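This briefing is meant to be read beside the sequence and the coordinates.

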Amino acid sequence: MAYISKDVPDIENLLALNPKIGKHASLKSSTTTKKVKKHWKRNQEKSCSDCGSLKNNFDDVKHTTLSERGALKEANRCLKCADAPCQKSCPTQLDVKSFITSIANKNYYGSAKSIFSDNPLGLTCGMVCPTSDLCVGGCNLYASEEGPINIGGLQQFATEVFKDMKIPQIRDPSLPPLESLPSSYRSKIALMGCGPASISCGTFLARLGYSDITVFEKENFIGGLSSSEIPQFRLPYDVVSYEVDLMTDLGVKVVCGKALSSGTMGLTLQSLRNDGYKAVFLGIGLPNPKKIPIFEKLTQEMGFFTSKDFLPMVSLASKPGMCACKSQLPSLHGRVIVLGVGDTAFDCATSALRCGAKKVFIVFRKGFTNIRAVPEEMDVAIEEKCEFLPFFSPKEVVVKEGHISAMEFLRTEQDDEGNWIEDEDQSVKLKADFIISAFGSTLHDDSVKKAFEPLKFNKWGLPENNSETLQCSEPWVFCGGDLAGVAQTTVESVNDGKQASWHMHKYIQSTFDLKVPSQPELPKFYTAIDLVDISVEMCGMKFANPFGLASATPTTSSPMIRRAFEAGWSFALTKTFALDKDIVTNVSPRIVRGTTSGHTFGPGQGSFLNIELISEKTAAYWCKSVTELKKDFPEKIIVASLMCGYSKEDWIELGQMAENAGADALELNLSCPHGMGERGMGLACGQVGAFKQLSKVGRFDFRSLLPVFWPAKANRNGQNWLKWPKRQGLMLWN
């Protein structure tokens, strides 16, 4: 027998998924649960010893990568702090809250534009920046339950969206064209090395208007360390190539296969000077690995690599488009020891797993509290089952039958003075098939040093330079990145290039007896999108763009309108004002949280309720404000929003006051339902019957040629309400 009071089985089965209160406590053995959970568990078991091989798997592993849904949700969490600490920690001084706000508004181009304006390698930095030590480390939400904003992920999202648009960069359209600039802007400039510092420097110089810039790169691929030493699963090659393309869009030339060297085919500072180069930027990084004596006789055939050997080999074989060669990944197996605990060491460790290593041991001299790498890198290594061995210092490498078989270590300890010492009484031997040394980089190539002549070197063997201007001992030579001795990250190298570009500009112009502004004025990022005319013409008025402020809470005062104009909004309606005899006092809150916001407080509200009356400020205040704003912003459109009672004379008086003040148009507020009807104003005047009597209060009776608008929300019962204002020559808007 079928029950009409029951749904069909399909619906009942769906409804069975809803939470239900059981009659009894649940009972199931832990043994059964352990077996069952394996069918549903999404993360790896902690005790997993063989959780699948990572060999040849170069997919993205970054925890910060966001989808559009994730980016919008994350951007809406941002507090937009008044004195945002995140921005103070960014080496390139990105306007973090600005680009995050643009993402929250789905203005992805605006976000990317903000990022690339200050950081030409914004996508690279979004992927590899140690944000926990920089912007994220200063986020005011760090102590909240949800944690700090994922700034790196948001930066990556916005710039990746723009990358997919495939739109080239152009110079600031408001700047003089190249052909009209002085001859000083045609000075020859050489940038040595096509890494982050040089790409940044070249981009800003080209934005300034320099038209003869050449980047010389030693390798046959571009990108420097970003390409050769940061693995594909952290930084794909097409990202680096894209940012170089943005630089070449501005006319910068890139020449590969040209090294800074005193050799026959190399370039030297003196040869560049002889060839007419007015200024040179050195951004070659630190090309040589640091080695300790016990490694001097070891070779790759024996199983020994430095990070400078190993990571480029991995990149050439795993990064599509990096070179036309058919490189193979280093063939590793068994146990691999990685020495060091910086970001590069972790890149070596995780890359070794993708080259066939069965087990990777990260061995370092100090403890976990002294790890230099950022948590983002360390977390990936832990997830991929790398083993950590702290407090061990290399003593000897054991070689059998021409190949590494083990390595001996001494235990390290810290004495009372804080010095790290080796304890000869505590030693351990660790079996190994391969050793990768990641002890950092230096500059000890005599051929390169000779090419630097006549530069002076400091006690660390690097070119002497001013840390503010990046200018070397020879005033026409500048340097940045690792070579300058301060930058330790990609973003700091980018900022070195940015910093150097302005001071190179200043130097070059001084040689032509030309001055530059005392405050740096580096041009921002522009594309053809910025040339699109989005202006709107209506009723003889030209709106620069269709974005303006309504007659509501955002225009409570004229300074609010001024700030909007300064930010680029093209028009604004004043808060509705009346004659002094109709002045009101707002006794209700200006604005309150909407009922759809649930438990959300702060940013990300579902709605707001505007329950205020018209402006509390006098007509004289608003008229004076209109005059001031039109004087300072003559191209902006200001519409005076007016409200009177059922009096033709009042409307004419107030309308003439607004016109005399300089308003571009008038809005007759005949629609406000918020408490004004009781005074015979607002909606009370906007009813069709009443409006018939007031219909002559139009352009003629105002004795004005200004456009006059009537808000199209006054009385919507039927269609007749639309006809009256049209017949009287009034424009409708909503």
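In this predicted model, Tyr-621 is partly exposed at 26% relative accessibility, whereas Trp-622 is buried at 1%; buried stands for under 20% relative accessible area, exposed for over 50% and partly exposed for values in between, with a 1.4 Å probe and protein chains only. The ring centres of Tyr-621 and Trp-622 lie 5.2 Å apart with their planes at 85°, so the pair is edge-to-face. Rings of Phe, Tyr and Trp (for Trp the six-membered ring) are paired if their centres lie within 6.5 Å, and planes under 30 degrees apart are called stacked, over 60 edge-to-face and the rest tilted.

Residues are numbered from 1 along each chain as its sequence is written, and side-chain values rest on heavy atoms, with hydrogens and water left out. Because the model is predicted, local features need pLDDT of at least 70 and side-chain atom pairs count only at pLDDT 80 or more, while totals for chains, interfaces and linings use all residues.

**Aromatic pairs and charges over rings**

- The structure holds 23 aromatic pairs, among them Phe-368 with Phe-388, a tilted pair at 5.8 Å centre to centre and 40° between the planes.
- Phe-368 lies in the loop between β9 (359–363) and α15 (375–383) and Phe-388 in strand β10 (residues 387–389), so this pair ties together parts that are 20 residues apart in sequence; helices (H or I, at least four residues) and strands (E, at least two) are DSSP runs numbered from the N terminus.
- Of these two rings, Phe-368 is partly exposed with a relative accessible area of 43%, and Phe-388 is buried with 15%.
- Tyr-109, Phe-116, Phe-162, Tyr-242 and Phe-525 are linked into a cluster by ring pairs.
- The charged end of Lys-6 sits over the ring of Tyr-3, 5.2 Å from its centre, and Arg-354 lies over the face of Phe-233 at 4.0 Å from the ring centre; the criterion is that NZ of Lys or CZ of Arg is within 6 Å of the ring centre and within 35 degrees of the ring normal.

**Salt bridges**

- A search of the whole structure finds 18 salt bridges, each defined as a side-chain nitrogen of Lys or Arg within 4 Å of a carboxyl oxygen of Asp or Glu.
- Asp-347 and Arg-234 meet through their side chains in a salt bridge of 2.8 Å, N to O; Asp-347 lies in helix α14 (residues 343–354) and Arg-234 in the loop between α10 (225–228) and α11 (237–248), so the pair ties together parts that are 113 residues apart in sequence.
- Both partners are buried, Asp-347 at 3% relative accessibility and Arg-234 with a relative accessible area of 12%.
- Lys-62 forms a salt bridge with Asp-60, with 2.9 Å between the closest N and O atoms; Lys-62 is buried at 14%, while Asp-60 is partly exposed at 41%.
- In a further salt bridge, between Glu-408 and Lys-395, the closest N and O atoms are 3.8 Å apart.
- That pair links distant parts of the chain, with Glu-408 in strand β12 (residues 403–414) and Lys-395 in strand β11 (residues 392–400), 13 residues apart.
- Glu-408 is buried, with a relative accessible area of 15%, and Lys-395 is partly exposed at 37%.

**The parallel sheet**

- Five strands form an open sheet with parallel pairing, in the order β7-β14-β8-β9-β10, where two strands pair if DSSP finds at least two bridges between them.
- β7 (304–306) and β10 stand at the edges with a single partner strand each, so one side of each is left without a neighbour in the sheet.
- Strand β8 (residues 335–339) is joined to β9 by five bridges, the two running parallel, and Val-338 has Ile-362 as its bridge partner in β9.

**Backbone features**

- The peptide bond from Glu-453 to Pro-454 is cis, with omega near 15°, and Pro-454 is found in the loop between α16 (446–451) and β16 (477–479).
- Phe-391, although not a glycine, has a positive phi of about 65°; Phe-391 is placed in the loop between β10 and β11 and is partly exposed at 25%.
- Glu-401, also not a glycine, has a positive phi of about 55°; Glu-401 lies in the loop between β11 and β12 and counts as exposed at 86% relative accessibility.
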